[in-house]
Amino acid sequence: RLNRWIEKMNRFFSNIFLFASIPLFTLVISLIASFCTKDWTWFSRSGSVMTMAGVILSVRPIIRMTFNQYLESKKIIDGGSILGDTPKEIAEDKEERNDLVAIYIGGIFTFLGTLIWGYGDLITKLYS
């Protein structure tokens with residue numbers, strides 16, 4: 001039962017779409033709230049959500065495979081199959097491409113989220 005629960009959590013935290021859309025949705029809502037209330041701390045706080053999502057996306061390969069499996073996968077040198085790619089290899093290649101996309105998005109989110117988190121409430125200084 002524990003292994004099944006861990007697998008579900010790994011799948012949940014490996015979901016690129018979810019961890020890319022939550023911070024963007026939070027960012028839009030906080031922008032609207034900040035604009036309406038003239039209180040830019042809401043926008044600033046959305047940066048923390050974006051930063052957390054960025055970190056989760058950046059470590060997707062480790063979350064997806066677990067730490068030990070990730071370390072083992074880095075030790076394997078696979079020359080491929082003479083008969084072509086097997087379905088397992090095709091699935092692994094797809095996941096590795098998804099990992100790279102997640103790492104790229106995660107880096108951008110971590111960078112932008114940190115800037116928003118640190119300086120987002122200073123937007124009022126630009127137009128006052």
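Guide: First, a term: the expected span of a helix is 1.5 Å times one less than its number of residues. Helices (H or I, at least four residues) are DSSP runs, numbered from the N terminus. This is a predicted model, where local features need pLDDT of at least 70, side-chain atom pairs count only at pLDDT 80 or more, and totals for chains, interfaces and linings use all residues. Residues are numbered from 1 along each chain as its sequence is written, and side-chain values use heavy atoms, with hydrogens and water left out.
Visitor: What span should helix α1 have?
Guide: Helix α1 (residues 2-13) has 12 residues and should span 16 Å. Its end C-alpha atoms are 16 Å apart, which agrees.
Visitor: Is α1 largely buried or in the open?
Guide: Largely in the open, because one of its 12 residues is buried. Buried means under 20% relative accessible area, exposed over 50%, partly exposed in between (1.4 Å probe, protein chains only).
Visitor: How many residues does α6 have?
Guide: α6 has 33 residues. It reaches 47 Å from first C-alpha to last, close to the 48 Å expected.
Visitor: Which α6 residues are buried?
Guide: Glu89, Asp99, Ala102, Gly106, Phe109, Gly113 and Ile116. They pack against α2, α3 and α4 (60-65).
Visitor: What does Ile116 touch?
Guide: Leu27, Phe43, Ser44, Ser46, Gly47 and Met50, not counting residues up to four places away in sequence. Contact means heavy atoms within 4.5 Å.
Visitor: New topic. Is Tyr119 buried or exposed?
Guide: Tyr119 is exposed, with a relative accessible area of 55%. Tyr119 lies in helix α6.

Note on methods: Helix = DSSP H or I, 4+ residues; strand = E, 2+ residues; numbered from the N terminus.
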